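Take a look at the fold, then come back for the details.

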Amino acid sequence: MPRAKQLTVQLANKPGTLAQVAQALAKAKVNMRALAVFEGRAKIIADDPAKGRDALQKEGLYASIEDCLAVDMADQPGSLGDICARLAGAGINIDYAYTGITQSAGKAVVVMVVSDLDKAARIVG
């Protein structure tokens, strides 16, 4: 199933905050697979979300874990459109999305927070 867990980290709007996040995760040996930063928050797909949350909280940062959809797709034009069209056809809204890397050549991953995670996971799974 294409379900995943993402870290959400509250960020202060000042120089060095994202560096603090990245360095705390590196120190804990937690690898980031996808990252989006917007509106005072970082959204991170990490190889060990619980360990990442703990490392960030030790740094005094507020971090939580949320469910999301992470879909591996071909790294080619049209792949994202096909996924989005399938979700739209099922009446599922995409609240936000961002992309990241995979271990497979020619593949990408799209991370989405959607209005119906269970239904979306069945459709793209």
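Leaving aside its neighbours within four places in sequence, which residues is serine 64 in contact with? They are Gln6, Leu7, Thr8 and Arg53, where contact means heavy atoms within 4.5 Å. This is a predicted model, in which local features need pLDDT of at least 70 and side-chain atom pairs count only at pLDDT 80 or more, while totals for chains, interfaces and linings use all residues. Residues are numbered from 1 along each chain as its sequence is written, and side-chain values use heavy atoms, with hydrogens and water left out.

**Serine 64 and its strand**

- Serine 64 is part of strand 4, which covers residues 63-74; strands (E, at least two residues) and helices (H or I, at least four) are DSSP runs, numbered from the N terminus.
- Serine 64 counts as buried because its relative accessibility is 18%, and the cut-offs are under 20% relative accessible area for buried, over 50% for exposed, and partly exposed in between (1.4 Å probe, protein chains only).
- As background, side chains in a regular strand alternate between the two faces of the sheet.

**Nonpolar cores**

- The largest nonpolar core has 15 residues; such a core is a set of buried Ala, Val, Leu, Ile, Met, Phe, Trp, Tyr and Cys residues joined through side-chain atoms within 4.5 Å.
- Inside this core, the residues with the most contacts are Leu7, Val9, Val21, Leu25, Ile44 and Leu56.
- Two or more residues come from each of strand 1 (3-10), helix 1 (17-27), strand 3 (41-46) and helix 2 (49-58).
- Leucine 56 touches Leu7, Val9, Val21, Ala24, Leu25, Leu61 and Ala63, when residues up to four places away in sequence are not counted.
- There is also a second, separate core of 14 residues, and Leu69, Val71, Ala108 and Ala120 are among them.

**Salt bridges**

- The structure holds 5 salt bridges, each a side-chain nitrogen of Lys or Arg within 4 Å of a carboxyl oxygen of Asp or Glu.
- One of them pairs lysine 43 with glutamate 66, and their closest N and O atoms are 3.2 Å apart.
- This pair links distant parts of the chain, with lysine 43 in strand 3 and glutamate 66 in strand 4, 23 residues apart.
- Lysine 43 is buried at 5% relative accessibility, whereas glutamate 66 is partly exposed at 30%.
- Arginine 41 and glutamate 39 also meet through their side chains in a salt bridge, at 3.6 Å from N to O.
- Of these two partners, arginine 41 is partly exposed at 26% relative accessibility, and glutamate 39 is exposed at 68%.
- Another salt bridge joins arginine 53 to aspartate 54, with the closest N and O atoms 3.6 Å apart.
- Arginine 53 has a relative accessible area of 26%, so it is partly exposed; aspartate 54, at 37%, is partly exposed too.

**Hairpin and backbone angles**

- Strand 2 (residues 32-38) and strand 3 run antiparallel and are joined by 6 bridges; two strands pair if DSSP finds at least two bridges between them.
- Methionine 32 stands opposite alanine 46 of strand 3.
- The two strands form a hairpin with 2 residues between them.
- Glutamate 39, in the turn of this hairpin, has a positive phi of about 50° although it is not a glycine.
- Lysine 29 is not a glycine either, and its phi is positive, at about 60°.
- You will find lysine 29 in the loop between helix 1 and strand 2, where it is exposed with a relative accessible area of 70%.

**Cysteines**

- How many disulfides does the rule give? The count comes to 0, with a disulfide taken as a pair of cysteine sulfur atoms within 2.5 Å.
- The sulfur of cysteine 68 has its closest cysteine sulfur in cysteine 84, and the 15 Å between them is too far for a bond.
- Cysteine 68 is buried, with a relative accessible area of 1%, while cysteine 84 is partly exposed at 25% relative accessibility.
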